[in-house]
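Subject: Structure handover

Hi there,

Here is the structure I promised to pass on. Have a look when you get a moment, and my notes come after it.

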There are 2 protein chains.
Amino acid sequence: MNKLIKIAVDAMGGDNAPNKIIDGIELHNRNSKNIYYRIFGNKKIIEPLISKKNIQKKNYELIHTEDKVEGGDSALAAAKKGKNTSMWLAIQSVKNKTSNIIISAGNTGALFVISKLNLKMIENIDKPALSGLWPNKVGMNIVLDLGANIECSEKNLIDFSIMGSALYRSLFDNDIPKVALLNIGSEELKGNSIIKNTFKKMNELKNPIYEFHGFIEGNHIMDGNVNVIVTDGFTGNVALKTAEGTANFITSELKKTLSSNVLGKISSFLNLKNIKKFQNKLDPRRYNGAILLGLDAPVIKSHGGTDYIGFANSLTVCEKIIKGKLIDKIKDNIS
Amino acid sequence: MNKLIKIAVDAMGGDNAPNKIIDGIELHNRNSKNIYYRIFGNKKIIEPLISKKNIQKKNYELIHTEDKVEGGDSALAAAKKGKNTSMWLAIQSVKNKTSNIIISAGNTGALFVISKLNLKMIENIDKPALSGLWPNKVGMNIVLDLGANIECSEKNLIDFSIMGSALYRSLFDNDIPKVALLNIGSEELKGNSIIKNTFKKMNELKNPIYEFHGFIEGNHIMDGNVNVIVTDGFTGNVALKTAEGTANFITSELKKTLSSNVLGKISSFLNLKNIKKFQNKLDPRRYNGAILLGLDAPVIKSHGGTDYIGFANSLTVCEKIIKGKLIDKIKDNIS
């Protein structure tokens, strides 16, 4: 029999919370087994919502909290609100080992700071990194750091490569992952001294837990030739957001053109099924869920703007991470 | 009467050179007046090509050179070849004031190093920056630096903002441009100390030659709310290449889906005109031509992989830069 996976859910974070959170739980629950949702939030709002849903009472628990972290709170202000918020209590629940994993669609900065205040770092890791799923021609990459650390040392980047590899193996498959370092050229001579030294050290890693594929440039992130792409949080964040902006620009231009006249509208209608397939492949809800790595419990950040389908997908990420024994894998890799 | 614009063309650089260079000159020449092309390259190859083209003899001059910089040459190796290469001689031609501007589709690193060896920096500018045209919802941005400088000081970034504004005004219009600084958040607190200090200094600039719009995130580069986006060469290069990779990924996925079955093929055929319009808007040949700013003569780098249409477009960039008095504008702005 499979062990029960206990997910601590901050129900009060993100746009349209707690509605989308509860809807997401219902959707996820429909397709999953052996999941227990520990839901933190305002009972007066959530109880009437959840009572209408098709979720068995034995599959969840509602923990009341009056207060919540607001999207506009500074991380410090959020931390000061302390134990009265749904976010803080959800994180405490993994600290106490009452839950296996915590997920929130709320304020990213607050989630990091409160997680770091409450959870221990994994031994020998200096900085936590935010990692995300990035679609490519054949499946998904892991890219990290996406913004937790503006400046990174060689040691940090090597830690990220190890943690990212563990994440890839726990989410996708157990093969040895291919790791590359994001740079502005594929030659060894390019980049700043930190990147060049990291390259050397990664090349020399003994008993490698991954295959090192050297430098990768931004235009090859989506080629699907590697599995894990390592960079500092500043570069990673700019790359991620630039990719988002480019995708939005292209799809909105495409929509404009395809519906700019009657012929366009008719042919798009004829082709609806293909266009849907295309949209589905690029749907950001499919890869919703960024993972904060480095703490001794997994912390998942859902996009604040996603809907219940996106939130349900990030609950699937939670499930995979626990089944894939992410934290054990990181600890094994580090030692 | 308009003054003659003299363009020094390195005919031997880039894929399929010199054919595409000569074809590009013919195309540009058809739509332009008062341009004189000073073409550097191997006469034995170029003469038979150009004699078949519809270019009047009075509009160009062929300067023979046996040697050329190869794509695989290191910048140092290229510089050592010296005066025997078409690239070196073309650059020398702007140094001697025989030409107004130099363009090459060849080895980027070599072009920078040989330009820096031969041309003076504009007074009070410490580092040259590579700037490019980036399409947005309403037209084009200027983004710089795209890779000339991996690490940049506050002074460098401010210089880039000044040079980028001069470039925007000489290419597009003479209004006061809107400038933003690329960062990972729009709040003043985010980013490293160099970016935060640059923000402060830009905010305090007196008699501003541009309107400072604060920080911009990667996902807003293409919104069209600003005209010039400033960043260090590492971040700019990663952003540019990530945008390229994302655009390639999406358009190839779109093609695959639209032609995956008969219905898709038929409706795409019906919609050919709209699809062409879409492709045309995104066509990278439209914004071909990166500009090295900071030297006292304009140096233009055409994409090596572009075709003659793209090369002709970057000749138009050359023409606009001279007509727009780019170098004078930079000097005025700096002082």
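Below is what came out of the analysis, starting with the conventions.

This is a predicted model, in which local features need pLDDT of at least 70 and side-chain atom pairs count only at pLDDT 80 or more, while totals for chains, interfaces and linings use all residues. Residues are numbered from 1 along each chain as its sequence is written, chains are lettered from A and ligands numbered from 1 in the order in which they are written, and side-chain values use heavy atoms, with hydrogens and water left out.

**How the copies relate**

Chain B can be laid on chain A by a turn of 180 degrees and a shift of 0.0 Å along the axis, with an RMSD of 0.0 Å (least-squares superposition on C-alpha atoms of residues with pLDDT of at least 70 in both copies). The two copies are thus related as by a two-fold rotation axis. The same surface serves both, as 100% of the contact residues of chain B recur in chain A.

**The interface**

Chain A and chain B each give 49 residues to the contact (heavy atoms within 4.5 Å). About 4,600 Å² is buried between them, 71% of it from carbon and sulfur atoms (accessible area, 1.4 Å probe, lost on being put together and summed over both parts). On the chain B side, I184(B), F234(B) and F249(B) lose the most area to chain A, together 15% of what that side buries.

Two salt bridges cross the interface (a side-chain nitrogen of Lys or Arg within 4 Å of a carboxyl oxygen of Asp or Glu). In one salt bridge, the side chains of K241(A) and E217(B) meet at 2.2 Å, N to O. The elements that give two or more residues to the chain B side are α8 (233-258), α9 (262-270) and α10 (272-282) (helices are DSSP runs of H or I, at least four residues; strands are runs of E, at least two). Of these, α8(B) gives the most, with 19 residues.

**A closer look at α8(B)**

At 1.5 Å a residue, the 26 residues of α8(B) should span 38 Å, and its end C-alpha atoms are 37 Å apart, which agrees (the expected span is 1.5 Å times one less than the number of residues). D232(B) caps the N-terminal end of this helix, with a side-chain oxygen 3.0 Å from the backbone nitrogen of F234(B).

**Salt bridges overall**

Over all chains, the search finds 25 salt bridges. One of them joins the side chains of R38(A) and E61(A) at 3.0 Å, N to O. This pair links distant parts of the chain, 23 residues apart: R38(A) is in strand β2 (residues 35-41) and E61(A) in strand β3 (residues 60-64) of chain A.

Best wishes

Conventions:
Buried area is the accessible area (1.4 Å probe) that two parts lose on being put together, summed over both. A polar contact is a pair of N or O atoms within 3.5 Å; within protein, one must be able to donate a hydrogen and the other to accept it, and residues adjacent in sequence count only if both atoms are side-chain atoms.
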